[in-house]
Amino acid sequence: MTIACQDLHTETESSSSDLLEDFAVAAPFASPAAVPSLSPTMLGSFGTKSDTLAALQPLVKKAVVPKLISFTVAEWSALPVEITQEIAARFDGGQVVFRSSAVNEDGEQQSQAGAFASCLDVDSSQPRAVWSAVEEVIESMDECPENQVLVMTMVADVTLSGVIMTHELDSGAPYYVLNYDDETGKTDTITGGSVVNKTVLVHRDYVTDHVDSPRVAELLELARELEGLCDRGTPLDIEFAKTRDGQLHLLQVRRITVQENWNRRISRHVSEVLFQAGEFFTRHSQPRKGLAGARTILGQMPDWNPAEIIGTRPRPLAISLYRHLITDSIWQEARAEMGYQPVPSTPLMLTLGGQPYIDVRASFNSFLPAGLPTETRERLVDAWMDRLETNPKLHDKVEFEVAQTVLDFNFDEDFQSRYGDVLEPDEFLDYRIQLAKITAGNLSLAPGASLPRALENIQQLEALQTQRRSLNDLALLPTLLEECRTLGTQPFSVIARHAFMAEAILRSAVTRGALSDQRLAAFKRTLRTVTADFTGDFAQALAQPRRRPEFLAKYGHLRPGTYDITSPRYDQRDDLFAATAQPEPATSDAVFPLTGAEAQLFQELFVGAGMPEVEPGQFIEYARQAITERERAKFIFTRHLSDALELIAHWGSDTRLDRDALSHLTVQDLLNHLVSPVLNDPELHFEDLVEQRRREQENVDGIRLGFLIRDPGDFYVVPLHRSAPNFVGNRHVEGEPLRLGNQSRGHGQLSGRIICIENADPGFDWIFTRNIAGLVSKFGGANSHMTIRCAELGLPAAIGVGEQTFERIAAANRVELDGAAKLLRPIYG
């Protein structure tokens, strides 16, 4: 209801204090004018914030619009006392909200969202509080006398609040975007950005069966009702709150004002792509001969976590390299060599809408001991799948929290608590015995054992890299890639599995009391990986310029995006040495002897686990080698990969294709060109192919998929999972966050900052030379590259925090990171 100008007759020139003192004798306030009549079924047009809400008040059925009144700045200037009295009377002295309702706010071209002040929870019976709130809102707007102040009942006892966008804001993709807070009980946390909120994206073609959550369904019904009340096709920004009594309250409706920036073609492609993706998933999830498990789940972070390594939207060249070097076959060949179940002719990674996913059923099969009976394999894989489906937050921790792939000291207790009687007693005993054989056999450091053999292969690759080879002939590409596969990624895959086994056993030793958390941290500080070498060598190169060629010869191949041809190598960065040298982080003694009591406890645990042949001291040495050599192996094989990318780049320059264009080709395109060359204008052929791939990418840019796909409905309803971070270290730090990407240069001021990176790539090792305060990564697991590096350096870190938390932290003004308290949060901003 609006307080109209014509009803405000009295003028006053009294000061604010005089008016407040005159309340007892002020003249009665005139009745407000009625709201103009509107169509009974449609919103006539959008006006100011208050006009739109007042018009919707009698129309909307799925929610209620709180009691409201509004007045212009001119009206307040004329009759502040009368308006203040009317507010007290109209709201019965209850709590109210004062909001801006400017004429240049919530318009078709600009929203001015958040530009003006709001005052919450004001006591309408207190004139000074009302006066102060009105003046604060008016002061925040421009000087237009027709600007309004909106007064609404303060919605109390809130259980859910948030915002619904009827299209994705950045691109206009056809999704309802539900952004909500169900924790604080406040109504302004989403618009104010003061909490880590929850987000669900729902495609506009969803059907009721796709939506499991009653509250999400209720919000979607409200959004669709409001769309029906407004002009057809108008994208809306809707603010809401729900109270404990179940009532939904509509707090604001405005047009989305960035429509002119949208790619209108996106919506036309998304529906068809999602339908086809759902059909593919349904077929792929059917039972398959040779694979245990009645169904599958697709995930971006389980196992070889492509989201961390190549990103969630990698270019075709990065995808094809990752497949060729790892996920087509190497992934399962390495595990089969260690005694796990072979999974031949089964690619681990699929791509949907240009986004990479791990086939979790295939992954889980490869974690089973070879030779288990078919029935046992089926029951285990189905049980693991059920646990992941009901606990999606474990999607980046499947090897620790879902699939039991090593016989650690907590194996029996964990299996019982997670899976109960999934296996019959004799089946469980057989499974346990087989897993004990794999574990004990792989812990051996004897010549010819799995870990020593893998280390020998990596050494062979390193020896090959001492040979000088020209990188200007594409014919060398097959040789580089084959050497990288057989002597690089295959042994690296083996070593990485050993590092996981070591980490799992060490963690369980802490749980069982054989080691304390402090002693485990002390052990990790003795591990000297390539990071320690890098920081020391870098400090010397900074201090002594003559050492820089030597440094670049050793580390120049590193790049923040290991598989990304557009990401510059260290030896291509002219700013690499534009920094002040930082001292190498101190480490403790190079050896870590177990105390007598610790050795005794370890021995008892190994005997109890059925592995009496494992000697505690030898296990500690095994763990040291597995963890440190994993990092060295990656360092070595990525040199071959980096050289292959430079070989491709050199060929591209001869073919007039820049790095961005080359990123849209695939390895197979290039290998085919070597044996079936394009004879008619190769430059034009590849230019056309690049443009075709770019168009294909544009067609799927509007697709929004979650980190897990469990059924076809997940293509239409996409919750952005909030991962539980993997914390490193026990220190508490505060600092200003700084976001870095693959193209970020090294000369910025990093000292004392909390660095935010998307993926935990070794190409970011240069940040450890900049005296950073802490590290946050969007992707990464408990055994990832950056987790190990931060533990080695004693650097506080939160690895794999997930998309929402990462974006919130990276955008904050100051952040608190506490490894001991498992705490990561913005201090302000």
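The largest nonpolar core of this predicted model has 151 residues, and those with the most contacts inside it are Phe-364, Trp-384, Tyr-563, Phe-619 and Leu-775. Helix α18 (residues 477-511) gives the most to this core, contributing 18 residues. Apart from it lies another core of 65 residues, including Phe-240, Val-270, Ile-709 and Val-717. In soluble globular proteins, nonpolar side chains tend to be buried together.

**The chain as a whole**

- The secondary structure of the protein chain comes to 28 helices and 22 strands.
- The protein chain has 829 residues, of which 57% count as buried.
- Among contacts in the protein chain with a separation of 6 or more, 71% are between residues 24 or more positions apart.

**A residue of the largest core**

- Tyr-563 is one of the residues with the most contacts inside the largest nonpolar core.
- Leaving aside residues up to four places away in sequence, Tyr-563 touches Ile-309, Ile-310, Ala-318, Leu-321, Tyr-322, Leu-325, Ile-326, Phe-637, Leu-641 and Leu-645.

**Aromatic rings**

- A pair of aromatic rings is described by the distance of the centres and the angle of the planes.
- A search of the whole structure finds 32 aromatic pairs.
- The ring centres of Phe-364 and Trp-384 are 5.5 Å apart and the planes stand at 80°; because this angle is over 60 degrees, the pair is edge-to-face.
- Phe-364 belongs to helix α12 (residues 360-366) and Trp-384 to helix α13 (residues 374-390), so the pair ties together parts that are 20 residues apart in sequence.
- Phe-364 counts as buried because its relative accessibility is 0%, under the cut-off of 20%.
- Trp-384 is also buried, with a relative accessible area of 0%.
- Phe-534 and Phe-538 form a stacked aromatic pair, with 5.8 Å from centre to centre and 15° between the planes.
- Both Phe-534 and Phe-538 lie in helix α20 (residues 530-543); because they are four residues apart, about one helical turn separates them.
- Phe-534 is buried at a relative accessible area of 0%, and Phe-538 counts as buried at 1% relative accessibility.
- Phe-534 and Phe-538 belong to one aromatic cluster together with Phe-551, Tyr-555, Tyr-570, Phe-577 and Phe-635.
- A charged residue is also placed by a ring: Arg-507 lies over the face of Phe-400, at 4.0 Å from the ring centre.

- Strands of a sheet pair through backbone hydrogen bonds, either parallel or antiparallel.
- Strand β2 (residues 95-101) runs antiparallel to strand β4 (residues 148-153), and six bridges join them.
- Ser-101 stands opposite Gln-148 in β4.

- Another open sheet has six strands in the order β9-β8-β5-β6-β7-β14, with antiparallel pairing.
- β9 (248-255) and β14 (717-719) stand at the edges with a single partner strand each, so one side of each is left without a neighbour in the sheet.
- From one strand to the next, the twist averages 15°.
- Strand β5 (residues 158-165) and strand β8 (residues 236-243) run antiparallel and are joined by seven bridges.
- Val-163 stands opposite Glu-239 in β8.

**Strand β18 and its parallel partners**

- Strand β18 (residues 754-757) is covered on both faces: Ile-754 and Cys-756 on one side, and Ile-755 and Ile-757 on the other, are all buried.
- Strand β17 (residues 737-740) runs parallel to β18, and four bridges join the two.
- The bridge partner of Leu-738 in β18 is Ile-755.
- Four bridges also join β18 to strand β19 (residues 774-777), again in parallel.
- In β19, Ile-755 has Leu-775 as its bridge partner, and Leu-775 is among the residues with the most contacts inside the largest nonpolar core.

Definitions and conventions. Residues numbered from 1 in each chain as written. Predicted model: local features only at pLDDT ≥ 70, side-chain atom pairs only at ≥ 80, totals over all residues. Heavy atoms only, no water. Phe/Tyr/Trp six-rings, centres within 6.5 Å; stacked < 30°, edge-to-face > 60°. Buried < 20%, exposed > 50% of the residue type's maximum accessible area, 1.4 Å probe, protein only. Lys NZ or Arg CZ within 6 Å of the ring centre and 35° of its normal. Pairing = 2+ DSSP bridges. Core = buried A, V, L, I, M, F, W, Y, C linked by side-chain atoms within 4.5 Å. Contact = heavy atoms within 4.5 Å. Axes fitted to C-alpha atoms, helices over the stretch in contact; angles between N-to-C directions.
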